[in-house]
Amino acid sequence: HSPAGHSEEDPGPPPLHPRALREERRREQRELHGKQKVGFRDKRIHPRGSGSSRMMLTLSKLPLARWEEEKRDDGVKWHKLHHKGPYFAPPYEPLPSSVKFYYNGRPMKLSRAAEEVATFFAKMLDHDYARKKIFRDNFFCDWMQVMTPQERKKIKDLKRCDFSDIRNYFLEKQEAQKALPKEEKQRLKEEAERIQEEYGYCVIDGHREKIGNFRTEPPGLFRGRGNHPKMGMLKKRIMPEDIIINCSKFKGPRPPRGHKWREIRCDNTVTWLASWTENIQGSIRYIMLNPSSKLKGEKDWQKYEVARRLKTLIHRIRRQYRADWKSKELKKRQISVALYFIDKLALRAGNEKEEGETADTVGCCSLRVEHIALHSRQGGKENVVEFDFLGKDCIRYYNKVSVEKQVFKNLKLFMEEKEPGDNLFDKLSTAMLNKHLQDLMDGLTAKVFRTYNASITLQEQLEDLTNEKDSLAAKLLSYNRANRAVAVLCNHQRATPKTYEKSMKNLQAKIDARKDQLADAKARLRKARAELKCKKEAKSKAAVEKKKKLVKKIEEQLAKLKLQATDKEENKQIAMGTSKLNYLDPRITVAWCKRFDVPIEKVYNKTQREKFAWAIAMAEEDFVF
């Protein structure tokens with residue numbers, strides 16, 4: 001039958017091209033939501049315990065308009081903000097009298113404060129950290145600070161301290177926790193849910209939003225990354241007197257009994273709910289909204305839009321810095337070479353640090369002569385620069401890269417008559433570089449370059465590596481390889497996991513078992529074919545088909561396991577999570593999943609799907625970064 005309003009002779013307008021149809025659908029959706037004035041997440045606060053208070057929109061039903069409306073250009077993030085404040089770590093529970101600390105082989109009763117810090121070290125006895133000299137030295141120094149004068153007089157050498165009884169107590173406690181009856185586990189789960197319900201949500205302008213991490217950091221020993229010079233130092237207990245609360249005027253949460261907040265302020269130009277300064281490095285810690293919240297989603301979206309804006313200017317910027325390599329002004333040359341490194345190698349800009357305050361980590365602007373070596377020819381390549389320095393979080397950056405001839409010449413010039421400890425870019429500071437970047441494009445920073453290059457690399461790699469006819473496992477391997485290329489570019493490394501050997505061994509055992517099954521299945525198939533040749537019965541023919549299907553099934557399972565092993569091997573020293581969460585525009589991934597029929601949950605876990613709900617709602621398969 002003919003469509004309504006059109007006769008057989010007049011079939012009506014031709015059907016829209018799929019892309020045009022999607023655009024039409026988007027426009028209608030925006031108009032609809034514009035008329036309805038629907039909230040970003042239209043969840044008004046409900047009485048506690050009601051099912052509707054926990055209602056979550058499924059990703060497939062998230063309206064596009066949710067991420068586009070109620071934007072403010074005046075810097076104001078909210079008008080009303082209410083929350084309960086942070087949830088503090090529980091107070092220290094002293095050890096049972098049967099658990100002893102020994103010094104020089106003799107039991108010694110410690111004061112409450114000294115005992116608590118001793119438990120932090122005891123819990124780490126089986127960890128590599130406890131064997132590092134710097135960790136042990138820092139721990140002992142800070143432990144001495146909390147001891148009583150009598151304890152300090154007696155305890156002089158960490159080597160004479162025996163924490164094994166304390167360690168065993170916590171190991172037994174851990175095992176007992178695992179062996180709890182089902183009813184007790186359920187009770188603990190309900191208690192955790194009650195705390196989450198009370199402290200894990202805030203109300204912003206009438207909308208109930210989830211808070212990210214609402215707990216303060218518990219006291220313990222600082223670990224740091226790499227060989228951090230402050231590892232082993234004592235992270236002190238956070239108290240209400242350390243906390244700055246941010247909320248609506250006259251609506252501050254009550255502090256715990258007997259305490260008061262350091263400060264209550266009403267700053268609606270920021271989105272954090274509470275903050276404090278940690279004692280190890282003096283950095284500020286924040287309690288923020290959950291990544292799935294409206295404000296976080298908007299911020300993420302805007303970040304990637306800035307990086308996309310760079311895409312339209314990148315060729316002009318590159319032409320400019322290449323021209324500046326030959327500038328008569330040395331400062332211009334240094335800025336242009338530094339910008340080349342930031343663009344091509346995804347180096348961080350680097351910030352000046354106070355002497356002795358943090359580890360000797362550097363970025364592009366703070367590189368010293370000792371951090372690079374120049375090789376006119378090496379490994380069949382010309383103009384090779386060898387980088388070797390500690391980057392962010394004390395992660396070593398080591399790379400040999402062939403650079404353009406003029407860059408190589410400039411580096412030689414910058415190194416002339418300098419000592420190893422002198423700055424490579426002595427005419428340049430991070431502030432100067434940031435000012436130059438702002439002049440090139442509003443909002444441009446070194447991080448925007450990293451985001452742009454990471455995202456464009458992922459898009460190009462996915463285009464090159466993905467085959468539409470591949471199996472799902474092969475497509476996922478291609479995705480992970482593309483993600484790995486980005487992680488390598490950004491120097492996102494990790495130590496090989498301790499469980500790597502064991503998990504690879506288990507995976508290899510599964511592969512070997514599948515190979516045996518395949519050999520057996522093929523033998524049975526050959527036998528069935530021989531029977532069919534002799535008997536030519538319908539029953540024999542059905543048996544052959546059944547065994548052929550089984551062989552095919554086992555072959556697919558074996559291929560999948562082999563791909564998993566390859567993926568695990570290639571990924572053992574690469575940390576892919578950082579780039580996936582912070583530098584890769586999620587719309588690239590969403591579009592790729594839609595284009596190649598890959599379920600989104602295969603590449604994003606539940607937390608990531610919540611964080612990138614805006615991208616899942618927004619991106620179609622034809623999205624291009």
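Helices (H or I, at least four residues) and strands (E, at least two) are DSSP runs, numbered from the N terminus. Under this definition, the protein has 18 helices and 15 strands. The model is predicted: local features need pLDDT of at least 70, side-chain atom pairs count only at pLDDT 80 or more, and totals for chains, interfaces and linings use all residues. Residues are numbered from 1 along each chain as its sequence is written, and side-chain values use heavy atoms, with hydrogens and water left out.

A residue is called buried under 20% relative accessible area, exposed over 50% and partly exposed in between, with a 1.4 Å probe and protein chains only. Of the 625 residues in the protein, 41% are buried. A contact means heavy atoms within 4.5 Å. Among contacts between residues at least 6 apart in sequence, 69% join residues at least 24 apart.

**Strand β5 and its partners**

Two strands pair if DSSP finds at least two bridges between them. Strand β5 covers residues 201–204; Y201 and V203 point one way from β5, C202 and I204 point the other way, and all are buried. Strand β1 (residues 81–82) pairs with β5 in the antiparallel sense over 2 bridges, and H82 stands opposite V203. Strand β6 (residues 207–210) is also antiparallel to β5, joined by 4 bridges, with I204 opposite H207. A hairpin is formed by β5 and β6 with 2 residues between them, and D205 in the turn has a positive phi of about 50°.

**Other residues with positive phi**

Most residues other than glycine have a negative phi.

An open sheet is formed by 3 strands in the order β13-β14-β15, with antiparallel pairing. Because β13 (372–378) and β15 (396–402) stand at the edges with a single partner strand each, one side of each has no neighbour in the sheet. Neighbouring strands are turned by 15° against each other on average, direction ignored. Axes are lines fitted to C-alpha atoms, for helices over the stretch in contact, and angles run from 0 to 180 degrees between N-to-C directions. Strand β14 (residues 381–390) is joined to β15 by 7 bridges, and the bridge partner of L390 in β15 is R396. Helix α9 (residues 405–415) packs on the sheet, touching β13 and β14, and its direction makes about 135° with that of β13.

**A buried loop residue**

Which residues does D585 touch, not counting residues up to four places away in sequence? They are Y304, R308, S455, W614, F623 and F625. D585 is found in the loop between α15 (577–582) and α16 (586–595), and D585 is buried, with a relative accessible area of 0%.

**A region from the record**

The unreviewed UniProt entry lists residues 171–198 and 455–571 as "coiled-coil region". UniProt positions are given in the numbering used here, feature names are shortened, and annotations may be inferred rather than shown by experiment. In the model, residues 171–198 are 89% helix and 0% strand, and the end C-alpha atoms of this span lie 31 Å apart.
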